[in-house]
Amino acid sequence: MLGQTCRKITGSLNVSPRIEFKRYLWRNSICQQKIDITLKYTDEASGSIANKEPTLYEKFLKNPKSVPLITSRKLENCNKYRQPRQAWLETLSTVEDHKLGMLDLHPDIFAVHPRLDILYHNLRWQEFYKKIDYNWTPSRGDLDVSGGKQMPQKGSGRARNRNRSSIMFRTGAKPLGPKGPRALFYMLPKQYRVQGLCTALSFKYAQNNLHIVDSLEIPTDDPEYIQDLIDTRFWGFSALFVDDTDYMPENITYALAEFPSYNILPVYGLNVRDMLKHETLILTLAAVEKIEQKLLFHSSRNKRSSRFSMDTRYDQY
Amino acid sequence: MFIVRKFCSIATLCKTIKPTNFTEKLFKQQDHPTLCLTAAKQFHGSAVHLREPKQDAIVIGDGDRKYEPQSPYRRHWPKRFQFVTSTRFGPTLPRVNKELKHQLPFNYKDKWSDKSALQGANDYIDILGDGTIHPVDLIKGPAFLIGYNANELGRLNRRLRFEGRYLADNFPSELEKILKRIKFLRKKYNYKRGKRVRKRFKYR
């Protein structure tokens with residue numbers, strides 16, 4: 001009964017359904033992505049494109065006074081003894097760097113003490129928990145060999161022996177070799193993983209590699225536009241763009257398809273290894289709000305408060 | 001008589017000895033015949049080199065020995081002034097005039113391919129997503145190994161629970177091997193382990 005009620009509640013609150021998640025995971029080819037995007041736009045009302053909300057930069061161009069210079073954000077459960085960190089709000093609508101405002105960032109996520117051991121544990125976990133070792137060597141019972149003696153005990157000048165499966169023979173068994181498909185699976189406690197994300201984000205902020213953007217919309221489809229943008233702002237050789245949901249604006253997907261080192265991810269795809277592999281991290285405003293909400297929720301969560309939720313069905317791991 | 005003759009012959013020899021000749025020749029490695037043959041000595045290092053005397057070494061004509069008579073039985077150079085052999089050489093020489101056969105092609109690993117650029121893509125999906133999905137659901141492999149890490153006995157028993165009926169119908173010889181191995185491991189783990197575990201009896 002409890003489980004059924006929980007499922008109904010979570011079903012009503014679902015924001016990202018499972019179908020879109022599967023589509024993102026399994027369809028990596030660009031052709032499929034283009035088809036899905038065009039279908040989505042045709043299915044929706046064609047008048048919705050005109051009714052789309054204008055970006056902050058478009059509002060700024062029309063009336064600069066309508067967009068505030070400093071936008072302060074509401075931070076939930078902010079420690080009054082810790083000051084929030086500040087960051088610029090930028091745009092991708094122009095090649096040049098125009099700042100639209102200033103934001104507050106939560107210190108418990110973007111200003112965590114730099115714990116290198118947590119980062120190391122997260123990286124190692126990401127590398128090893130998916131691994132399955134398929135090496136296998138036969139033992140004496142696994143070899144299909146007749147049990148007869150190879151040669152008489154005495155007479156030949158050779159050493160004495162019985163089976164062809166013995167260890168002394170070249171084609172014999174390997175006694176203590178790897179046995180069978182073996183999984184190197186283990187789970188880190190949830191707090192280790194939450195703090196790993198927080199430390200990675202705070203490293204990126206502290207080293208000036210974090211940039212916040214109003215949205216990932218671009219005027220043109222040209223890949224040179226993004227190359228010039230990244231070159232003028234000195235963002236580096238690799239960049240990771242993070243958006244709120246699966247569905248990305250089409251211009252940026254066509255433009256970044258030609259660069260293997262510039263990649264896009266939704267918020268649920270963020271991880272420590274990709275954050276450290278790419279030089280710069282570019283988050284949208286909606287993504288920042290979602291990340292803060294999720295990480296603060298899980299950092300203050302314990303087994304007592306999560307007793308009747310669907311998260312606990314994975315507690316066996 | 002015998003001794004006197006010897007002294008006479010020695011005295012004639014003493015006149016021909018000039019200590020300066022010895023020092024000049026032997027202290028210069030360039031003139032020494034054996035040392036000239038070592039090739040690329042500066043780079044390669046030689047197995048043979050002379051040990052030069054220290055700067056504080058007593059030289060003929062100085063110090064206490066200034067007024068000593070010259071004799072052929074006395075070393076004019078320091079004691080144990082001999083060749084020194086060492087087995088330590090420098091680094092290897094470059095293979096300049098040698099043909100390289102069977103050269104394997106060296107392929108650089110593409111670290112920005114579709115697979116390796118976003119390798120750990122959805123590992124934190126139970127935190128940053130709904131909570132309905134766990135990273136265990138992302139592992140690809142045999143069904144009896146997803147989310148399971150144990151020793152060989154546990155793995156084999158789990159394999160039988162998952163695939164026992166399929167193996168019995170289609171691969172009976174393989175099933176027999178598994179059962180033999182389970183029997184062997186049961187005895188090994190339960191009867192043959194003590195306080196100090198040797199490599200043979202470890203849980204693998």
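Which helices do the buried residues of helix 6 of chain A pack against?

## Helix 6 and its neighbours

The buried residues of helix 6 of chain A pack against helix 7 (190-206) and helix 10 (272-277) of chain A. This is a predicted model, where local features need pLDDT of at least 70, side-chain atom pairs count only at pLDDT 80 or more, and totals for chains, interfaces and linings use all residues. Residues are numbered from 1 along each chain as its sequence is written, and side-chain values use heavy atoms, with hydrogens and water left out.

Helices here are DSSP runs of H or I with at least four residues, numbered from the N terminus. On helix 6, Ile118(A), Leu119(A), Asn122(A), Trp125(A) and Gln126(A) are buried, meaning under 20% relative accessible area with a 1.4 Å probe and protein chains only; exposed means over 50%. On the other side of helix 6 of chain A, Leu116(A) and Tyr120(A) are exposed.

## A closer look at Gln126(A)

Gln126(A) sits in helix 6 of chain A and is buried, with a relative accessible area of 6%. The side chains of Gln126(A) and Asn271(A) are joined by a polar contact of 3.2 Å; such a contact is a pair of N or O atoms within 3.5 Å, and within protein one must be able to donate a hydrogen and the other to accept it, while residues adjacent in sequence count only if both atoms are side-chain atoms.

Not counting residues up to four places away in sequence, Gln126(A) touches residues including Val272(A), Arg273(A), Gly120(B) and Tyr124(B), where contact means heavy atoms within 4.5 Å.

Technical notes: Chains are lettered from A and ligands numbered from 1 in the order in which they are written. Helices (H or I, at least four residues) and strands (E, at least two) are DSSP runs, numbered from the N terminus.
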